[in-house]
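The questions below concern side-chain interactions and the residues that take part in them. Please consult the sequence and the structure while reading the answers.

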Amino acid sequence: MEITIHMTDSAERKLRTYDNKIIKLAFDHEGCGCVMSGVPALWLVDEADGGDVLARGSALPILYEKRHAVFFEDSLTIDYDEGKHAFQLKSKQQTYHHDMPVQYK
């Protein structure tokens, strides 16, 4: 499955402030005990890992791990709430995370 990621204008503006980093949509399961207990996060990385693929449709290049695509729908939106200073990951069917962390990895 390939993932298409749309980005709102506010999310694009905020993500452009992280100069010289590659954005990766991660399914972070570190410390969760099991990969099935992971949570979505935005990682800022220097380079792609071997299992990373490029999402389609985004204003900025966004990577994701191909093996983690099963945890997401095929069409996602990244939004940024400027009042809360928080990223959200959404689809038409659900909100995956309303306060998605951004982490340097």
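Q: How many aromatic pairs does the count come to?
A: The model is predicted, so local features need pLDDT of at least 70 and side-chain atom pairs count only at pLDDT 80 or more, while totals for chains, interfaces and linings use all residues. Residues are numbered from 1 along each chain as its sequence is written, and side-chain values use heavy atoms, with hydrogens and water left out. Rings of Phe, Tyr and Trp (its six-membered ring) pair if their centres lie within 6.5 Å; planes under 30 degrees apart count as stacked, over 60 as edge-to-face and the rest as tilted. By this rule the number of aromatic pairs is 5.

Q: Is the pair of Phe-27 and Phe-72 stacked or edge-to-face?
A: A pair of aromatic rings is described by the distance of the centres and the angle of the planes. For Phe-27 and Phe-72, the ring centres are 5.9 Å apart and the planes stand at 85°, so the pair is edge-to-face.

Q: Which parts of the chain does the pair of Phe-27 and Phe-72 tie together?
A: Helices (H or I, at least four residues) and strands (E, at least two) are DSSP runs, numbered from the N terminus. The two parts are 45 residues apart in sequence. Phe-27 belongs to one and Phe-72 to the other, so the pair ties together strand β2 (residues 22–28) and the loop between β5 (62–65) and β6 (75–81).

Q: Is Phe-27 buried or exposed?
A: Buried means under 20% relative accessible area, exposed over 50%, and partly exposed in between (1.4 Å probe, protein chains only). Phe-72, at 6% relative accessibility, counts as buried. Phe-27 has a relative accessible area of 8%, and therefore Phe-27 is buried.

Q: Which residues do ring pairs link into a cluster?
A: Phe-27 and Phe-72 form an edge-to-face pair. Ring pairs link these two residues with others into a cluster, whose members are Phe-27, Phe-71, Phe-72 and Tyr-96.

Q: Which charged end sits over the ring of Trp-43?
A: A charge sits over a ring if NZ of Lys or CZ of Arg is within 6 Å of the ring centre and within 35 degrees of the ring normal. Over Trp-43, at 4.7 Å from the ring centre, sits the charged end of Lys-105.

Q: How many salt bridges does the count come to?
A: Side chains of opposite charge can pair when their charged atoms come close. A salt bridge is a side-chain nitrogen of Lys or Arg within 4 Å of a carboxyl oxygen of Asp or Glu. By this rule the number of salt bridges is 9.

Q: How many residues apart in sequence are the parts tied together by Glu-2 and Arg-56?
A: The side chains of Glu-2 and Arg-56 form a salt bridge at 3.1 Å, N to O. Glu-2 lies in the segment before β1 (4–7) and Arg-56 in the loop between β4 and β5, so the separation of the parts tied together is 54 residues. Glu-2 is partly exposed at 48% relative accessible area, and Arg-56 is partly exposed at 45%. The separation in sequence asked for is thus 54 residues.

Q: With which residue does Lys-21 form a salt bridge?
A: The closest N and O atoms of the bridge are 2.5 Å apart, and the partner of Lys-21 is Asp-46. Lys-21 lies in the loop between α1 (9–15) and β2 and Asp-46 in the loop between β3 and β4, so the pair ties together parts 25 residues apart in sequence. Lys-21 is partly exposed, with a relative accessible area of 28%.

Q: What is the phi of Asn-20?
A: Asn-20 is found in the loop between α1 and β2, and is exposed, with a relative accessible area of 77%. Its phi is positive in a residue other than glycine, with a value near 60°.
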